[in-house]
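Here is a short report on one protein model. It covers salt bridges, the nonpolar core, a pocket and some backbone details.

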Amino acid sequence: MNSLILFDDVKYIQMTSVALVFFLICGIYVCTKQKQNKITKGIKYLMLGVIVDLVAIWYGYHIAYLSRIIDINSLSATDLSIRLISAILVASAGTIFMVGKNSWIVMGAIGGAGLLIIIYISLISPNGAVINVLRNLLPAIGFIYLATACTTRCFQRHKNGFLLACVTMLYVAYEVFNNVSSTPDSSIIPIHVSIIGYIGLGISFLLMMSDETEKELDSVLKKLKKSDNRLQEIIKLSPFPIVISRLSDDSIFLANDNFCKLFGLNQANLPLYHFKDFFVDQDNRKLLNSHLEKEKLVQDFEILVRSPG
């Protein structure tokens, strides 16, 4: 359902309003909690586009009343212009999702061409049938463009949010296209984004944030693994005997070949030993552990070591 009966379907109006609030809360939450990136920027453009679309719907519904004091052609031109702005904002959100920034030159060219068409069919050569079609076609174009943009992100590893947004936008565009072929009725308000659309977009925002968090976590883990591999390589190539043990269970985590040569050990047998096995005085080991737990760093601490066995 994509139209609201103004007086008879009060419950649906209330449900749609709740869904709209949910959509806005999810968008604002993601934009405030997530660090500023192309996801948050795209969400801002999308929310603004939806809000402008609602303004256009409200304005379009009241054209009949405003036409008593203002020329109907001027009102129609304004109505289509607002819908054009909404479509450009929604399309801009899709562009940002795809490439990370908006192409103002392309959007400006599209907006300029659209404005010329609006002026022609509304003011120069008024055509009521074409105007009624454009009222639904303009937002549909914006939604389809956004769905296409989200599709390009669906082939990446972290894609749940964009996948849901793509499906939601295709559903909304389908609903809007149904309005294109329907006969206009002044007793209903043609809501382009229905309850399912608002809820779907709100959930997709949360999933986008989750996907972005997982992506950042994967990046951090890759960097840590790379740093760990580099550190191990440095230790292995060091001319000095080096051993690394875990403070929690005293197990040997890493030792280079020079350490093994010094104590006559085999790298394969290192897991069989604990760091304490190399201490002559176990009290000395306990004292070292105590210093490490308190200060995290110990320097100039002499110990007597031996080959375990």
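## Salt bridges

Glu216 and Lys35 form a salt bridge, with their closest N and O atoms 3.8 Å apart. A salt bridge here is a side-chain nitrogen of Lys or Arg within 4 Å of a carboxyl oxygen of Asp or Glu. Glu216 lies in helix H8 and Lys35 in the loop between H1 and H2, so the pair ties together parts that are 181 residues apart in sequence. Helices (H or I, at least four residues) and strands (E, at least two) are DSSP runs, numbered from the N terminus.

This is a predicted model, in which local features need pLDDT of at least 70, side-chain atom pairs count only at pLDDT 80 or more, and totals for chains, interfaces and linings use all residues. Residues are numbered from 1 along each chain as its sequence is written, and side-chain values use heavy atoms, with hydrogens and water left out.

Glu216 is partly exposed, at 28% relative accessible area. Lys35 is exposed, at 55%. The cut-offs are as follows: buried means under 20% relative accessible area, exposed over 50%, and partly exposed in between (1.4 Å probe, protein chains only).

The salt-bridge count comes to 5.

| Pair | N to O distance | Relative accessible area |
|---|---|---|
| Glu216 and Lys35 | 3.8 Å | Glu216 28%, Lys35 55% |
| Asp79 and Arg83 | 2.9 Å | Asp79 0%, Arg83 4% |
| Asp250 and Arg285 | 2.2 Å | Asp250 10%, Arg285 4% |

Where in the chain do Asp250 and Arg285 sit? Asp250 is in the loop between strand E3 (243–245) and strand E4 (252–255), while Arg285 is in helix H10 (residues 282–295). The two are 35 residues apart, and the pair links distant parts of the chain. Asp250 is buried, and Arg285 is buried too.

Salt bridges that share partners also join Asp79, Arg83 and Arg135 into one network. Within it, Asp79 and Arg83 are 4 residues apart in helix H4, a separation of about one helical turn. Asp79 is buried. Arg83 is buried as well.

In soluble globular proteins, nonpolar side chains tend to be buried together.

For the 24 residues of H1 that gives 34 Å, and the end C-alpha atoms are 34 Å apart, which agrees.

The buried residues of H1 include Tyr12, Phe23, Cys26 and Val30. Tyr12 has 13% relative accessibility. Its C-alpha atom is 9.8 Å from that of Ser194, 182 residues away along the chain. Ile203 is in helix H8. Ile203 is partly exposed, at 35%. The C-alpha atoms of Ile203 and Cys26 are 7.3 Å apart, across 177 residues of chain.

## Second largest pocket

A pocket is an open set of points on a 1 Å grid over the protein atoms alone, where a 1.4 Å probe fits, with protein on both sides within 12 Å along at least five of seven lines; lining residues have an atom within 4 Å of a point. Grid points are joined across faces, edges and corners, and a volume is the space filled by probe spheres set on the points.

The second largest pocket has a volume of about 310 Å³. It is lined by 16 residues, and Leu84, Ala87, Ile110, Leu138 and Ile141 are the closest to its centre. H4, helix H5 (104–124) and H6 each supply at least two lining residues. What classes make up the lining? It has 14 nonpolar, 2 polar and no charged residues. Ala, Val, Leu, Ile, Met, Phe, Trp, Tyr, Cys and Pro count as nonpolar, Asp, Glu, Lys and Arg as charged, and the others, Gly among them, as polar.

## Positive phi

Phi of Asp250 is near 70°, a positive value in a residue other than glycine. Phi of Asp300 is near 55°, also positive. Asp300 lies in the segment after H10. Asp300 is exposed, at 82% relative accessibility.

Notes
Expected span 1.5 Å × (residues − 1).
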